Amino acid sequence: MIQAQALSKRYGSKTAVDSIDFTVQPGKVTGLLGPNGAGKSTTMRMVVGLDRPTSGSVIVNGKPYREHKAPLREVGVLLDAKAVHTGRSAYKHLLALAATHGIPAGRVREVIELTGLQSVARKRVGGFSLGMGQRLGIAAALLGDPATLILDEPVNGLDPEGVQWVRHLMRHLASEGRTVLLSSHLMSEMALTADHIIVLGRGKVIADAPVDSIINAGGRSTTRVRSPRAAELAALLANPAVLVTDLEPDVLEVAGMSPAEIGDAAARAGIALHELSALSGSLEEAYMALTQNEVEYRTGGSNGLAAADLATSEPQEAAR
Amino acid sequence: MSTNTMNSLADASGRVGASVTTGSGLSFVGVLRSEWIKLWSLRSTVWSFALVVVVSVGMALLIALASRMDQSGVAIPPEAQVGYLVTASTVGIFFAQMIVAVLGVMSVTGEYSTGMIKSSLTAVPRRLPMLAAKGVVVFVATYLVGLGSILAAYLVASAIFAQGDIGASLAEPEMLRGLFAGPLFLALIAIFALGMGTVFRSTAGGIATVLGILLVLPIVLGLIPADWATDASPYLIGNAGPEIVASSGFSAVKEGWQNLLIVIGWVAVSSVFAALLLKRRDA
C-alpha cells in the first residue's frame with residue numbers, strides 16, 4: 001500500500017507535483033496516467049526516496065521507504081530501463097543489488113529465468129536492446145520478492161509478446177495481494193491491465209477511480225442500432241436529451257438512451273431491429289476528455305463536465 | 001527466447017515469488033559485498049589496477065637500469081643503497097596516483113553517467129552506507145594493489161641492482177615505510193577522488209578537479225612569489241602526499257605522520273562534502 005499526503009515537489013519555480021493525495025491499494029493493479037510532465041515519474045521517484053518531497057509525505061506499507069529494514073523486499077521499482085551500468089553483465093548487476101540485502105544467488109538466477117534473460121545474462125548490458133533492458137529492469141524489481149511494485153512505462157520497447165507477458169505478470173502479482181503501480185502511455189494496454197486509474201495533470205490528481213468509472217464518466221456510452229426503418233426510428237427517438245447520428249443509411253448511433261429503452265421504443269412502434277449493441281467509451285477517450293478538461297479548466301475556467309464534449313469524437317468499441 | 005518467457009510465465013502461479021529465501025535484509029556487510037562485486041565486475045577496474053602494477057614495475061626497471069649505468073665501479077655506501085631501492089620501488093606510485101584518482105572518481109561518476117546510481121540508491125535508500133562501503137572497498141582494493149605493485153617493483157629493482165652489488169633488505173626502516181606508506185598514499189588519493197567524484201557527479205569535472213588539485217595546484221602555488229604561497233605549499237595534498245612515502249628533505253613539514261595528517265584532512269573535507277551533497281540532493 002502506498003499513501004501520499006499533500007505530496008509536493010518543486011524544481012525551482014516549476015511545480016512538478018502539487019500537493020497530491022492518493023492511496024494505492026494492495027491486490028489491484030493501479031495505473032498512473034497523465035500527459036508528459038504531469039508528474040508521474042517524479043511521484044514514483046519520491047515514493048522510493050530518490051527525490052525528496054518539497055513538502056508532504058509518501059509512505060509505503062506504513063513507513064517512509066528508507067526506514068524499512070529491507071527496502072527491496074518492500075518495493076521493487078523499475079524507474080528507468082537504463083538504471084544499469086553499461087559495462088557490467090546483467091548477472092553481476094543483479095548480484096550486486098541482491099548482495100545489499102543478502103539475497104542469495106539462487107534468487108538472482110530465478111528472476112533471470114522468469115524474465116527470459118538466460119541467454120544474455122553474462123553479456124554486458126551496454127549491448128542490450130531496449131526490450132532486454134526493460135526485462136532486466138523488471139528482473140531487478142522482482143529480486144526482493146517485494147510486496148509493492150512500481151513500474152514506470154514497463155512495456156516500453158517490448159514486443160507484443162513481451163507486452164502481453166508484462167500484463168499477465170502484473171495481473172498475477174496483484175492477484176497475490178501485492179500492490180502494483182504502473183504508468184504507461186498505451187491506453188489500450190492500461191485498460192487491459194489496470195483495475196484502478198489515477199490520472200495526473202499538471203502535478204494534480206484529476207481522477208482517481210476504478211477503470212470502469214473512469215470510462216463511464218469520461219467517454220459517453222452510445223448504442224448502435226441497425227434497422228431497415230432507421231429514418232423512422234430516428235424520428236421516433238428525437239428528444240433534446242438524445243443525440244442520434246446517421247452512420248449509414250440503415251445504421252444509427254444513439255447517445256442518451258440505454259439499449260433497453262431504444263429496443264422498447266422500437267417494439268412499441270413495430271420497427272424491426274437487426275442490431276442493437278452497446279458501445280462503451282474507451283479509456284483513451286475518457287483520458288483525453290479528462291486531460292483536456294484540465295487544460296480548459298486552467299485556461300478558461302469552464303465547467304469540467306461541459307468540457308467533456310465528445311460529440312465530435314468517434315465512439316469506439318471499448319477496449320475491455 | 002520469447003518462448004522461454006511465455007513458458008516461465010505459464011507456470012508462474014507461484015514462480016514469481018521467490019522459491020528461495022530472499023535474505024536477511026539490508027546490512028552494511030551486504031552493501032560492502034555489493035560494492036566489491038560492482039568494483040570488480042567492470043573491466044575498467046581490472047585495466048586500471050593492471051596499469052598501476054605495470055607503471056610501478058616499469059618505473060622501477062627504468063630507474064634501476066639508469067642508476068646502474070651511473071655507477072662505474074664506485075662503491076656505494078649502504079644508506080645510499082637503501083635510498084636507491086626505496087626510490088626505484090616507489091617512484092612508480094607517483095605516476096600511478098593519476099590512475100587511482102581516475103578510478104576513484106569513476107567508481108561513482110560511472111554510476112551517475114549510466115543511471116546505475118538510481119538502482120544503487122533504491123537498494124540503499126539511506127545513501128551514506130553506500131558511499132561508506134564504496135570508500136572501504138576502493139581503499140582496500142587500492143591498498144592491496146599498491147602493496148603488490150611496490151613489492152613487485154622492489155623485486156625487479158633488486159634483481160637489477162644486485163648486478164652492481166647494490167642491495168637493501170625489505171626490513172630496512174625506510175624500505176618498510178615505502179612498502180606500507182606507498183599503498184596508503186595511493187588509497188587515500190583514491191578516496192579523495194571518490195569524494196570529489198560524488199561532489200561533481202561528472203567524470204570530466206571530477207577528474208579535472210582532482211588532477212588539478214593534485215598536480216597543478218602545487219605548481220601554481222610555487223610560481224606565486226609571496227610568503228603565504230611558500231608557507232601554504234607544504235599543506236597541499238599534492239605536496240604532502242609523497243612526503244608520507246619518503247621524506248624529500250625539502251618540505252617544511254618534516255615528519256611522515258604530519259604529512260599523513262594533512263592528506264587525511266584533505267580526504268576528510270572531500271568526504272564530508274560528498275556525504276552532505278549525496279544525502280541532500282535528488283538522485
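F49(B) is buried, with a relative accessible area of 4%, where buried means under 20%, exposed over 50% and partly exposed in between (1.4 Å probe, protein chains only). Keep in mind that this is a predicted model: local features need pLDDT of at least 70, side-chain atom pairs count only at pLDDT 80 or more, and totals for chains, interfaces and linings use all residues. Residues are numbered from 1 along each chain as its sequence is written, chains are lettered from A and ligands numbered from 1 in the order in which they are written, and side-chain values use heavy atoms, leaving out hydrogens and water.

So who sits with F49(B)? Its ring forms an aromatic pair with W40(B) that is tilted, at 5.5 Å centre to centre and 40 degrees between the planes. Rings of Phe, Tyr and Trp (its six-membered ring) pair if their centres lie within 6.5 Å; planes under 30 degrees apart count as stacked, over 60 as edge-to-face and the rest as tilted. W40(B) is partly exposed, at 33% relative accessibility. Helices here are DSSP runs (H or I, at least four residues), as are strands (E, at least two), numbered from the N terminus.

Over all chains there are 6 aromatic pairs. Another of them joins F139(B) and Y143(B): this one is stacked, with 6.3 Å centre to centre and 20 degrees between the planes. Both residues lie in helix α6 of chain B, 4 residues apart, about one turn of the helix. F139(B) is partly exposed at 28%, while Y143(B) is buried at 19%.

Now for the surface. F28(B), W36(B), W40(B), V46(B), V136(B), V140(B) and L144(B) make a nonpolar patch of about 590 Å². Two elements of chain B, α2 (28-40) and α6 (128-162), each give two or more residues to it. Patches are made of residues with over 30% relative accessible area and no salt bridge, joining like charges within 9 Å and nonpolar side chains (Val, Leu, Ile, Met, Phe, Trp, Tyr) within 5 Å. A salt bridge is a side-chain nitrogen of Lys or Arg within 4 Å of a carboxyl oxygen of Asp or Glu.

There is a charged patch as well: R52(A), R66(A), R126(B), K279(B) and R280(B) gather in a patch of positive charge. R126(B) is found in the loop between α5 (116-123) and α6 of chain B, and is partly exposed at 41%.

Terms used. Accessible areas come from the Shrake-Rupley method with a 1.4 Å probe; for residues, only the protein chains shown count as cover. Lys and Arg count as positive and Asp and Glu as negative; His and the chain ends are not counted. The place of a charge is taken as NZ of Lys, CZ of Arg, CG of Asp or CD of Glu.
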